[in-house]
Amino acid sequence: MRILGIDPGLAIVGWAIVDFPEDKMELSLVDYGAIYTEKGLPTQTRLAEIYDDMNELINKFKPDYAGIETLVFAQNVTTGIPVGEARGVVLVTLEKNHIPIQELFPSQIKDAITGNGRAKKTQVQENVKRICGLDTIPKPDDAADAIAIAITANTYASRIKLPS
């Protein structure tokens, strides 16, 4: 199964493609990166760029399933609004491409990757590096988070019957 992990944002959307072969216990990190949008551009232009780039990723990698982080407003709701708009664009793009989606809370991701739902971001990144057999932590941080999201989404994908 090929899973697209997404860490949504307006300035940076982290993404990762991870394969989970049925006959192996190991995962294979195919690729990862980030979609960047320019700060000075109108929001609608930035959202359109995210939409276009997400479609390119989907067409290139053809994921079977996607995991995306759910927003949790801890302190500043104002900064969460643009992130929510970007997240909405990603969700619509996935839906239009008929890709099943698993929404994940940050605590679920932390728990799946570290065994502790309150783990620090650095612990998650170190474990992503270890799990994927990498020499360094993936950069940017949003891409490392997207890898963690894809890995976590796999545990949920394996519990459901995906459309063929």
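Strand 1 (residues 2–7) runs parallel to strand 4 (residues 65–69), and 4 bridges link the two. Strands here, like helices, are DSSP runs numbered from the N terminus: E over at least two residues for strands, H or I over at least four for helices. Two strands count as paired if DSSP finds at least two bridges between them. This is a predicted model, in which local features need pLDDT of at least 70 and side-chain atom pairs count only at pLDDT 80 or more, while totals for chains, interfaces and linings use all residues. Residues are numbered from 1 along each chain as its sequence is written, and side-chain values use heavy atoms, with hydrogens and water left out.

**Overall build**

- The chain holds 5 helices and 5 strands.
- Their order along the sequence is β-β-β-α-β-α-β-α-α-α.
- For 164 residues, a compact globule would have a radius of gyration near 15 Å, and the chain agrees at 15 Å. That radius is taken over C-alpha atoms, and the globule rule is 2.2 Å times the number of residues to the power 0.38.
- Along the principal axes, the C-alpha atoms fill a box of roughly 45 × 35 × 30 Å.
- Of the 164 residues, 45% are buried. Buried means under 20% relative accessible area, exposed means over 50%, and partly exposed lies in between (1.4 Å probe, protein chains only).
- Among contacts with a separation of 6 or more, 61% join residues 24 or more positions apart. A contact means heavy atoms within 4.5 Å.

**Surface and charge**

- The accessible surface of the chain is about 9000 Å², and carbon and sulfur atoms account for 50% of it. Areas come from the Shrake-Rupley method with a 1.4 Å probe; for residues, only the protein chains shown count as cover.
- The chain carries 17 positive and 22 negative charges, and their mean positions lie 4 Å apart.
- Lys and Arg count as positive, Asp and Glu as negative; His and the chain ends are not counted. Each charge is placed at NZ of Lys, CZ of Arg, CG of Asp or CD of Glu.

**Strand 4**

- Strand 4 is largely enclosed by the rest of the structure, because 5 of its 5 residues are buried.
- Both of its faces are covered. Y65, G67 and E69 are buried on one side, and A66 and I68 on the other.

- Strand 1 has 5 of its 6 residues buried, so the rest of the structure largely encloses it.
- Its pairing with strand 2 (residues 12–19) is antiparallel, over 6 bridges.
- L4 stands opposite I17 of strand 2.
- The two strands form a hairpin, with 4 residues between them.

- T93 belongs to helix 2 (residues 77–96).
- T93 is buried, because its relative accessibility is 0%.
- Apart from neighbours within four places in sequence, T93 touches Y51, M54, N55 and I58.

**Loop residues and backbone geometry**

- K62 sits in the loop between helix 1 (43–61) and strand 4. Its phi is positive, about 50 degrees, although K62 is not a glycine.
- K62 is exposed, with a relative accessible area of 56%.
- H98 lies in the loop between helix 2 and strand 5. H98 also has a positive phi, near 60 degrees, in a residue other than glycine.
- H98 is exposed at 69% relative accessible area.
- K120 is in the loop between helix 3 (106–114) and helix 4 (121–132). K120 is exposed, with a relative accessible area of 59%.
- From C-alpha to C-alpha, K120 and N55 are 32 Å apart in space; in sequence they are 65 residues apart.
- P140 is found in the loop between helix 4 and helix 5 (141–157). The peptide bond leading from K139 into P140 is cis, with omega near -5 degrees.
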